[in-house]
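Please open the model in your viewer and display the whole chain as a cartoon. The tour begins with the overall fold and then turns to individual residues.

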Amino acid sequence: MSNIKFFKEENLALEMHKVRIVQKLNLLPIDERLRAIKEAGNNTFLLRNKEVYLDMLTDSGTNAMSDRQLGAMMIADDSYAGSETFYRLEAAVQKFFGKKYFLPAHQGRACEHILAKSLVKEGDVVPMNYHFTTTKTHINMQGGRVEELYKEEAVKTTSSDPFKGDMDLNKLNAIIAEVGSEHIPFVRIELGTNLIGGQPVSLSNIEEVSKICKKHGIRLMLDASLMTDNLYFNKVREERCKDMSIAEIARAISDLADIIYFSARKLGSAKGGGIVVNEKELFDQMKVLIPIYEGFLTYGGMSTREMEAVAIGLEEATDIDMISHGPEFIAEFARILQSYNVPIVTPAGGLGLHLNAREFVGHIPGEKYQAASLVAAIYIVSGARGMERGTLSEEKNADGSEHIAECELVRLALPRRVFTLSQVRFVADRIAWLYENRHLIGGLKFVEEPAVMRFFIGRLEADGDWQEKLVAKFKEDFGESL
Ligand code: F0G
């Protein structure tokens, strides 16, 4: 570890980089924010970025890039086939994961598409620690179904469990006994479970899952999109990883898996994705799909510039100074909110700060989308754009009723190295104000509801005039402008 200071040993947020390029931001007056969120159908995905002060929607494709990444983009070798850039990326991927074969794809869900198409058959069951939205949809579209094998602690929003993302091994044994290994094309572990608050998975748990998979001849697949946070948490929370380098932890994790895929919009801090395997036969089986859906085998839908940036991004993903920034800023964000008694997911995870909307706005019925209502209210009072990670992000039940999510969360993503602590403090202050005035927040109802993945483009309206009342109270307390 380089440059470790006492301050950093305390896990306090301290930037080990300097800012050399900046982008101007706007903070619209509150009346315009109210107009903007209504025009966006109360869906933060549909806001225009110029209406947003702090874009905490996601860390996908929004992490800051390093000078080395930008420099590397200039030497990109543009060629449809056989580009040198591809071979540089392939070497970086092989070094990071220690696997032989690499297939490029344009982003994470494209890898999920290729994997589901190649491996999942009608009636198959895919056990996983927790689902991700696009992953589940791809498996369902192949006629398979997902079984979530999370441990009880995973969906408890308040917990001190350091590895809430771990898979429940008893449940894994039980599902294999129930459906038979021939109906399980793979077991998937998501490193840094997105939908339950970016909670990590321990190296020891992956080892145990891998043993069970091997015993039954089932492949183990890792979704490594959120792997940097997971590496950081293993380094600081898993005793056996304390004296390992980040690169060593990465290899220890990756050696346990048969298939790994990743969104390079997250891991690699650029844009793209890829699949890695050691089995030649499996590689050959999947490789034929890449030119059909993604692009030729030496770019897979990525621009060569982005591929160069991913190659360097993967190298930088083994630097503790780089990967600690996100989780440490999130922990600081959590500490500030907890000082105001705002209900959040604990322990603080990776990716972003997660508010527990079920407790924050418990007076709103689940069918009126607690987390979606809170995320709209946060935008109105702060100009910060978060993401709903609750009932609205679920598909409805077969009978058309709402599937109330296990965890009703609002995510405020902290793309790595993008925001300052004063910006984090500003959002925390506004959320604290909102918490004091939470009784003013009301529900939402759909006006346009797509049948699949409705959270992306669905449109909603406020149930009553609570948003106008919220704005009136805000002006009373803060004055007219911001
Ligand atoms: N797996 C995980 C764990 C993810 O978080 C994501 C994306 C994907 C797969 C799909 O990757 O976006 O490159 O196609 N998560 C983004 C988010 C969208 O905002 O959390 P992708």
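Helices (H or I, at least four residues) and strands (E, at least two) are here DSSP runs, numbered from the N terminus. Counted in this way, the predicted model holds 19 helices and 14 strands. The radius of gyration is 22 Å, close to the 23 Å that the globule rule gives for 482 residues, so the protein is as compact as a globular protein of that length.

Keep the whole chain selected. Along the principal axes, the C-alpha atoms fill a box of roughly 65 × 55 × 45 Å. Of the 482 residues, 60% count as buried. Next, colour the charged side chains: 58 are positive and 69 are negative, and the centres of the two sets lie 3 Å apart.

Now select the loop between α14 (320-339) and β9 (352-356), where Pro 347 is found. What kind of peptide bond joins Thr 346 and Pro 347? The bond is cis, with omega at about -5°. In this loop between α14 and β9, select also Leu 351. Leu 351 has a positive phi, near 70°, and is buried, with a relative accessible area of 1%.

Finally, move to the loop between β13 (444-448) and α18 (454-457) and select Met 453. Its phi is likewise positive, near 45°. Is Met 453 buried or exposed? At 14% relative accessibility, Met 453 counts as buried, the cut-off being under 20%. Most residues other than glycine have a negative phi, and most peptide bonds are trans.

Technical notes. Residues are numbered from 1 along each chain as its sequence is written. This is a predicted model: local features need pLDDT of at least 70, side-chain atom pairs count only at pLDDT 80 or more; totals for chains, interfaces and linings use all residues. Side-chain values use heavy atoms; hydrogens and water are left out. The radius of gyration is taken over C-alpha atoms; the globule rule is 2.2 Å times the number of residues to the power 0.38. Buried means under 20% relative accessible area, exposed over 50%, partly exposed in between (1.4 Å probe, protein chains only). Lys and Arg count as positive and Asp and Glu as negative; His and the chain ends are not counted. The place of a charge is taken as NZ of Lys, CZ of Arg, CG of Asp or CD of Glu.
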